[in-house]
Amino acid sequence: MNCNCFRRWIACLLLLASGTFFPPEAVSASPAGATNLSLSVTAPMKRAAWQERLTLGAGDLLNLQLFDVQDSARTEVPIGPDGRISFLQARDIMAAGLTIDELRAKIDEDLSKYYQNPRSIISPAAFHSKKYIVLGAVVNKGVFTFDRPLTVIEAIARAGGLETGLYATRTVELADLQRSFLVRNGQRVPVDFERLFQRGDLSQNIPLQPDDYLYFALASANEIYVLGEVMAPGIQVFAARPTVISAITMRGGYTYRAFKSRVLVVRGSLDQPQTFVVDTAAILAGKAPDFKLQPRDIVYVGRNPWVVAAEVVDMAAKAFVQSVVVQATSLHVVPVD
């Protein structure tokens with residue numbers, strides 16, 4: 001046994017020496033602007049702008065000392081909510097927005113009134129001013145601080161991950177990835193969360209920056225109402241990219257009385273609805289593409305092919321109200337601990 005372990009150890013050393021085990025290209029940092037295919041932020045050749053000029057802010061803690069002056073050391077001195085800091089005779093120095101070197105220069109300038117050639121020594125004790133926000137369908141919502149560079153996946157992991165729940169005896173995701181977003185400097189950042197979490201596409205796992213806002217929309221808002229001649233009329237929730245056929249299928253399919261050639265889709269408000277007549281018989285026969293639904297659409301399967309469209313809308317509205325009242329008292333999603 002010891003002999004075999006020794007042989008394996010020698011083999012590993014030979015592989016490392018030959019360079020065939022993890023070639024330099026595999027471990028070297030990606031060039032600036034290259035796609036990050038890692039779960040965490042690798043060490044890039046070019047840092048982000050906020051890292052190149054790392055500024056201080058309210059809540060940061062600093063250790064300060066005046067060189068060659070006894071009893072001048074101060075530890076974990078906070079930068080106040082107004083962005084100012086005091087050290088010895090230097091009072092209310094604006095620190096927010098400055099780098100440590102810039103703050104050192106300002107403090108030295110102020111202390112020069114009391115000391116000859118003062119040289120302050122400043123080191124960070126903790127950074128609390130660089131933050132990002134994660135809200136929506138995550139386990140732990142809130143404001144988080146940067147203690148190191150983070151990616152989208154790492155930020156969500158710190159928030160406890162995406163929420164899941166139990167609905168109709170099955171586990172469902174409570175986050176609607178298609179409508180989730182990342183906002184930076186008031187602009188939406190193009191991140192495809194479906195590709196990231198459902199296909200494992202790490203090219204979407206971009207690094208975060210201070211003041212980024214991650215929001216994961218609730219899938220419960222993506223409701224489809226399937227009514228009329230279906231086996232289980234009611235609300236279909238947590239449906240990803242729903243279509244008429246998939247919505248009807250999830251509610252148990254048609255009853256024997258359903259007229260499949262004139263299925264009504266009602267979109268918008270019930271006062272001024274937009275209606276679509278869908279030939280699901282043609283879709284099932286492969287003669288027409290499936291009809292894509294939007295959140296809050298009402299799918300109404302009638303039994304009478306000759307009914308007037310306005311009457312169908314009225315029946316759909318009545319059935320919708322009845323269904324919502326019933327299901328609002330019974331629909332219950334239990335979070336998974």
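**Figure 1. Aromatic pairs in the predicted model.** A search of the whole structure finds 10 aromatic pairs. Rings of Phe, Tyr and Trp (its six-membered ring) pair if their centres lie within 6.5 Å; planes under 30 degrees apart count as stacked, over 60 as edge-to-face and the rest as tilted. In the view of Phe181 and Tyr213, the ring centres are 6.0 Å apart and the planes stand at 75°, so this pair is edge-to-face. It links distant parts of the chain, with Phe181 in strand E10 (residues 175-184) and Tyr213 in strand E12 (residues 213-218), 32 residues apart. Tyr213 also forms an aromatic pair with Tyr215, and this one is tilted, at 6.3 Å centre to centre and 45° between the planes. Tyr213 has a relative accessible area of 26% and is partly exposed; Tyr215, at 25%, is partly exposed. Buried means under 20% relative accessible area, exposed over 50%, and partly exposed in between (1.4 Å probe, protein chains only).

**Figure 2. Aromatic cluster.** One aromatic cluster is formed by Trp50, Tyr132, Phe144 and Phe146. Helices (H or I, at least four residues) and strands (E, at least two) are DSSP runs, numbered from the N terminus.

**Figure 3. Salt bridge between Arg53 and Glu102.** The closest N and O atoms of Arg53 and Glu102 are 2.8 Å apart, and the two residues form a salt bridge. A salt bridge is a side-chain nitrogen of Lys or Arg within 4 Å of a carboxyl oxygen of Asp or Glu. Arg53 is partly exposed, at a relative accessible area of 40%, and Glu102 is partly exposed at 30%.

Figure 4. Asp101 and Arg104 meet through their side chains in a salt bridge (2.6 Å, N to O). The two are three residues apart in helix H4, and about one helical turn separates them. Asp101 is exposed, with 54% relative accessibility, whereas Arg104 is partly exposed, with 23%.

**Figure 5. Salt bridge between Arg158 and Asp147.** The side chains of this pair, Arg158 and Asp147, meet at 2.7 Å, N to O. Relative accessibility is 32% for Arg158, which counts as partly exposed, and 58% for Asp147, which is exposed.

**Figure 6. Salt-bridge network and whole-structure totals.** Glu229, Arg257 and Arg303 are linked in a network of salt bridges. The whole structure holds 11 salt bridges. Its secondary structure comes to nine helices and 18 strands. The protein has 337 residues, of which 38% count as buried. Among contacts (heavy atoms within 4.5 Å) with a separation of 6 or more, 55% involve residues 24 or more positions apart. The protein exposes about 19700 Å², and carbon and sulfur atoms supply 56% of this area.

**Notes.** Residues are numbered from 1 along each chain as its sequence is written, and side-chain values use heavy atoms, with hydrogens and water left out. This is a predicted model: local features need pLDDT of at least 70, side-chain atom pairs count only at pLDDT 80 or more, and totals for chains, interfaces and linings use all residues.

Conventions: Areas by Shrake-Rupley, 256 points an atom, 1.4 Å probe, with all protein chains shown as cover.
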